[in-house]
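Hi,

Here is the structure I promised to pass on. Have a look at it first, and then read on for what turned up.

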Amino acid sequence: MTINEIQDELMDDFSFFTDWMEKYEYIIQLGKELPLISEEHKKDDYIIKGCQSKVWLFPEVKDGKVYFTADSDAIITKGLVSLMVKVLSGHTAKEIVDADLYFINQIGLNEHLSPTRANGLLSMVKQMKLYALALQARG
Amino acid sequence: MEQKQLKDFDINKVRADFPILKREVNGKPLVYLDNGATTQKSQSVIDAITHYYSEMNSNVHRGVHYLSQISTDAFEVTRRSIQAFINAKHEHEIIITTGTTHSINIIATCFGKVNIAAGDEIIISAMEHHSNIVPWQMICEDKGALLKVIPMNDKGELDIEAYKALFSEKTKIASFTYVSNSLGTINPVKEMIRIAHEHHVPVLLDAAQAIQHVKIDVQDLDVDFLAFSGHKMYGPTGIGVLYGKEDALNAIPPYQGGGDMIKEVTFEKTTYNELPFKFEAGTPNIEAGICLNAAVEYINAIGLEQIAVYEEELLNYATEQLATVPGIRFIGTAAHKSSVISFLIDGTHPYDVGVILDKLGIAVRTGHHCAQPVMDRFGIPGTIRASFALYNTKEEVDALVTGLRRAVNMLV
């Protein structure tokens, strides 16, 4: 699936929820599906520090595609990280750099992307694109 | 001992004075429990702001014209009402600043400039807000001085014996908080000031979390410097106070240079204005300065003694009720506490709990509360903090408890 196809599918999933609680329960559930960063990479080099919750993110290239593993110490953040990884992982560096993440607004999670939310999510999206950019430059 | 009792405190009337409390957040009635960060404003404060801009707006301490005179008069009314509020001896001992942080920086910088040299020592405590740590670290770095830290026990109480032992010939100033913003501990500051004075060491008291809860009498405390903010006492943001004993303030140089703080300027030499203007360079936050008086009047009309009794009852109720939440662990269990409850819930991250409470219309603070050394002391990344004000109710405490149970169900 392309990045946009995955986004559309997630928007479809979220459209079934009638209240915030269901939505957050789903996000928490998604956190459990996150491909976890290996213990050897779960260190300061790969940390994205928000003000309150920590996110660890590690990129890898296999067959010309970028794959991410990650983790967070807060489970809602972990669910949000999982969403991003679901959308961006397994695509080429160029696709990741060029991706327009419109689904975040559509599923009503844009509040989590504001720089003041201090959950590191905005920095994480930036970091995922930066990794992709670096990998793209390396060729 | 005589039982303290509430006489004329009508919580419904108090709540009606704060318009924001009527609003909803995320479709739920707002439960505002982040008063340690900032308090809400009464209609009288809001009206004063509108009145200022509609009727008075003009620069202070400068013009001969009518508006400048009435705004200057109003600004000086605030100075006198603050003087009375903390029982300062002279009105010129009240310096209007932008807030607690500004006030502490003035003393750290200006006192430090003339009184601190290489090898000297400054005493602070283990429970300080970053704004009562970093300014002192900066002067220490500048002068080659040392920071000495009063330790605390597992309940979040300062070790007074250890404090006594910190003093040496090299100690030049002590600076500590009256009430801890992250733990709620009320420190025995009168005794601590007395001890410092035995060693001829002046004291700066950070009263940011005390001024709205505890009656402060600077002459009775015999404190040398006192700092607090307007916005934590139901007043506007961007305004605060530095109190200093007349002699202590006269003995240190000005902070910033500019208008208002000068007596005479030539290119060869400038002579400085007298107190309080020596420390008030530039145009102040006039609107906030004038309207802070409305907040002081509001507190005075109810009476800090009444407020303290009401808030203590609320704090006790909240502590009892929160204890019933599964897996709760209180951080800060001092015998004397004010208005702040910090806690963790087993198996949850404070951030997650904060997000869920927000969805329920409940505002709390999560994180390290600008007191990272306190979090390190307890070996935790942060806490959830509920902090109370005079308009909070037992029903709101119940809403918090229900919200936390819901969060536990979702997160654990």
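Of the 412 residues in chain B, 48% count as buried. Bear in mind that this is a predicted model. Chain B has 14 helices and 17 strands. Along the principal axes, the C-alpha atoms of chain B fill a box of roughly 70 × 55 × 45 Å. As for contacts in chain B between residues at least 6 apart in sequence, 72% of them join residues at least 24 apart.

Now for chain A. Helix 2 (residues 20-32) packs against helix 3 (residues 75-88) with the axes 7 Å apart and an angle of about 75°. Angles of 65 to 115 degrees count as roughly perpendicular, so that is what helix 2 of chain A is to helix 3 of chain A. Helix 2 of chain A brings Y24(A), I27(A), I28(A), L30(A) and G31(A) to this contact, while the residues from helix 3 of chain A include I75(A), I76(A), K78(A) and L80(A). By type, the residues of this helix pair's contact are eight nonpolar, three polar and one charged.

Finally, the two chains touch: 13 residues of chain A and 12 residues of chain B make the contact. On the chain A side, helix 2 and helix 3 are the elements that give two or more residues, and helix 2 of chain A has the largest share, with four residues. That side of chain A divides into seven nonpolar, four polar and two charged residues.

Cheers

Conventions:
Residues are numbered from 1 along each chain as its sequence is written. Chains are lettered from A and ligands numbered from 1 in the order in which they are written. This is a predicted model: local features need pLDDT of at least 70, side-chain atom pairs count only at pLDDT 80 or more; totals for chains, interfaces and linings use all residues. A residue is buried if 20 or more other C-beta atoms lie within 10 Å of its own, exposed if 12 or fewer, and partly exposed in between; C-beta atoms are placed from the backbone. Two residues are in contact if their C-beta atoms, placed from the backbone, lie within 7 Å. Axes are lines fitted to C-alpha atoms, for helices over the stretch in contact, and angles run from 0 to 180 degrees between N-to-C directions. Angles under 35 degrees count as roughly parallel, over 145 as roughly antiparallel, 65 to 115 as roughly perpendicular and the rest as oblique. Ala, Val, Leu, Ile, Met, Phe, Trp, Tyr, Cys and Pro count as nonpolar, Asp, Glu, Lys and Arg as charged, and the others, Gly among them, as polar.
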